[in-house]
Amino acid sequence: MLQGWIIVAASFAYIGLLFAIAWFADRRAARGQSVVSNAWVYSLSLAVYATAWTFYGSVGRAATDGVGFLPIYIGPTLTMLLGWFVLRKMVRIARLNRTTSLADFVASRYGKSALIGGLVTVIAVIGILPYISLQLKAVSTSFQILLGYPEVAMPPPAGSMVVMQDTAFYVALFMALFAIAFGTRQLDAAERHEGMVAAIAFESLVKLVAFLAVGIYVAYFMYDGLGDIFARASGRPDLEVLMAPLGGAAGSYANWVWLTVLSMFAIVFLPRQFQVAVIENTDERHLRRAAWLFPLYMLAINVFVLPIAFGGALHFPPGTVDADTFVLTLPMTQKAEGLALFVFIGGLSAATGMVIVETVALSTMICNDLVMPLLLRIRAFRLSEQRDLSSLLLDIRRAAIIALLMGGYFYYLLAGEAYALVSIGLISFAAAAQFAPAVIGGLYWRGGNRTGALAGLLAGFSVWIYTLLMPAFARSGWLGVEFVERGPFGVELLRPHQLFGLAGLDPITHAMIWSMIANVGAYVLGSVIRRQSAAEHAQATLFVDVYQQTGEPGSSWRGATSASALQTLVGRFLGPARAVELFTAYARLRGARSVDELEGDRDLVRFAELQLAGTIGAASARTMVATVAQEEPLGLEEVMTIIDEASQVIAYSHRLEEKQQELEEATRELKAANERLKELDRLKDDFISTVTHELRTPLTSIRAFSEILHDNPDLDPGERQRFLALVIRESERLTRLINQVLDLAKIESGLAEWRTAELDLREIVLEAIHATSAIFKSRGVTVEARLAPAVAPVMADRDRLMQVLLNLLSNAAKFCTPGTGRVEVRLEGHAGGVRVDVEDNGVGISRENQALIFEKFRQVGDTLTEKPAGTGLGLAICRRIVGHFGGRLWVESEPGRGSVFSFDLPAAAAAGGAGRLVANA
């Protein structure tokens, strides 16, 4: 028979075993032989998610909602299977920044803001108190039921007895002592508790085995297997409806979706889950095994939930036994006292595991992000005059643990009886979900800033208070029921469970929808309308691009301090002996013989800040370092310069931007090249069309006159002679055209032969005038030469220059009026070169046509009906010849006032090198 002392003795024996495991793990860690640096231990420690809620409450929920309990475990399973990379990123960031808690993590992301750290702490404390009360309720209830063995009787409601006689009060005190012993024995710069993690992993095994044991007992000893239980349940209408997967008792689609999302957030953002998953992680590779082992644990601990729920409903008359207690009361009814005691130990294990880790995590947050920032800013406390503050830090955390357990107890008295275990847990889950936008947004969006995070947290938390916490007090009688049923002041649109008319949803789903809308909306809006500070920008880059970090992030401090001042500062919080040890090791790492040889540079400042961050949090560490490091004010550009030098993340971001710009430029060049190719293709078609047209004209004439001569052998000799002269002239024209086309093609393709030599341009001009004298004489055009007596020689091909001059002179004669035409040729030297002008008094060229005449097959006539004789290739060839030798060819003209065609060439002294290269090409 179970006596009270046996239950108490077994409980203390079990707690003693946990202490032994923790002591062993700590001893091994001190020798550098970590027990918890193991993927199996890490995966089992994550199972602290399965609390008394899971052990007792899942069965209670299944008894009323059937399979509706499953989303609470589907969410964590999906997170580990599909979203493990988010946890991996958080682990990497926490390691690089010595993050101590969830509040410290969020505060670090948003510029190490003490205000955000404090707000996260307040939300966590208020939100988790209902969850702590759940554990107290579960342990207290199970203890009182077990005391009544073999009778099964439900204990009196909370608040019906005086505090000093209430089991829950003593449970709260004992759990506070356990948490203090496990989590606040000493300060650690990394805020890791290896003994605690080892004990939690062992507890996870105990509660799993205990739950499986009672499940097997109910299914195979009380009934004839799972088939028998489900067959009997299907025969009762009130139980048959619980088997439907969706709709009815199991909840709607919206309920399943939002409960799944809620539990996905909870497995990461509950303070205890963040503690074991991120802070206590010793190797991010452990997540690979946890990604499948934790879901397997969730499956194992829930496989007998429905059989136990249906077995209890079949065994007990309706309304006589609370379904939350079926796990314990079913073995009691069968006089299985050993199993009943084991079940109680399993439930105690589930509750104590949660309370220890949760209160340790919350006490760290309260100390580092709430109390210490306030104490450090209040000069009346004179903390700066105290040499060793390590004992003060431990005392603050111990007091915080006691306050948390007492707060959980009083919540249990106020509202604990108004909800079942699962409902209490969901209220806390919804509070923890408010951290998701700020954390996930901070991991992947550089634009998220302090203003947005503050706005989002405040908005979401306010909605949580209004839609969940205040109705909980209303149901407990501490607020009028009218508040829930009619809304404040009778405004039905403001009813907490049907806010703005959104009805037909369960309270948790309703609260999640509105709180997430408010939270995400305020976060995005606040981030968009307010610019980041330099510190926020630096931290945002470090968080978002953490995988580009190759070591600890650089410091943004600039200023002077001393190594001894920093060592003294660290010693005040970690203890002088520990500070000496840390700084001596750092000096050896830097190649210094002692701490006195260290320079108080930014690397040493960063080292000291990281040590303090692991003890008092990032925001308080920054504040304390500022008291000994005289930091100069920095503008945004200077801060970004320091970040660029110290952070490969920024450099990588800049390289990405440069690559993007290069790709954009390459894209523009490719588009331009494509357009150029299209234009060249069009020009090719025009060229072929023009050439064939030009070739067809003389060929047509030759064929026509040849046919006349062939068909008329008796043609008059004078007429025959005239036709033969026309054939010869058109043949010569055809030959010139073909030669010019081939010449131009060779020049453009780079295959032309160039015989470059040093030339006297005066001689070539005189020779060209003499060669064209017959043309001028035949048209009655006078030619005058005004040539400088001596000009600098040029490097060019004699025949090519003669070709240019002959073309310009023949064009001048062609466009002059016969009989009155006059052409003047000028040659003069200038600095660095020689210039030639060919001026005529012909018809002139309009301004819009002056650029066209240098294109292939483009000619400008002196009338609208007459086309000048020629191919239209001469000027195009001339420009390319002159350009080949480093010169340029252009025209100046006005209609009716003649034209001046000019070209200049560089002197041989300036063009000699180029000329020799061309000659050898």
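Trainee: Which residue lies over the face of phenylalanine 854?
Mentor: Arginine 879 does, at 3.8 Å from the ring centre, where a charge counts as over a ring if NZ of Lys or CZ of Arg is within 6 Å of the ring centre and within 35 degrees of the ring normal. This is a predicted model, in which local features need pLDDT of at least 70 and side-chain atom pairs pLDDT 80 or more, while totals for chains, interfaces and linings use all residues. Residues are numbered from 1 along each chain as its sequence is written, and side-chain values use heavy atoms, leaving out hydrogens and water.
Trainee: And what about arginine 888, which ring does that lie over?
Mentor: Arginine 888 lies over the face of tryptophan 890, with 3.9 Å to the ring centre.
Trainee: Switching topic, how many aromatic pairs are there?
Mentor: The structure holds 26, counting Phe, Tyr and Trp rings (six-membered ring for Trp) with centres within 6.5 Å, and planes under 30 degrees apart are stacked, over 60 edge-to-face, the rest tilted. One of them joins tyrosine 49 and tyrosine 73, whose centres are 6.4 Å apart and whose planes stand at 90°, so this pair is edge-to-face. The pair ties together parts that are 24 residues apart in sequence.
Trainee: Is tyrosine 49 buried or exposed?
Mentor: Tyrosine 49 is buried, at 1% relative accessible area (buried is under 20%, exposed over 50%, partly exposed in between, with a 1.4 Å probe and protein chains only), and tyrosine 73, at 5%, also counts as buried.
Trainee: Which cluster do they belong to?
Mentor: Ring pairs link Tyr49 and Tyr73 with Phe69, Tyr131, Phe294 and Phe429.

Conventions. Helices (H or I, at least four residues) and strands (E, at least two) are DSSP runs, numbered from the N terminus.
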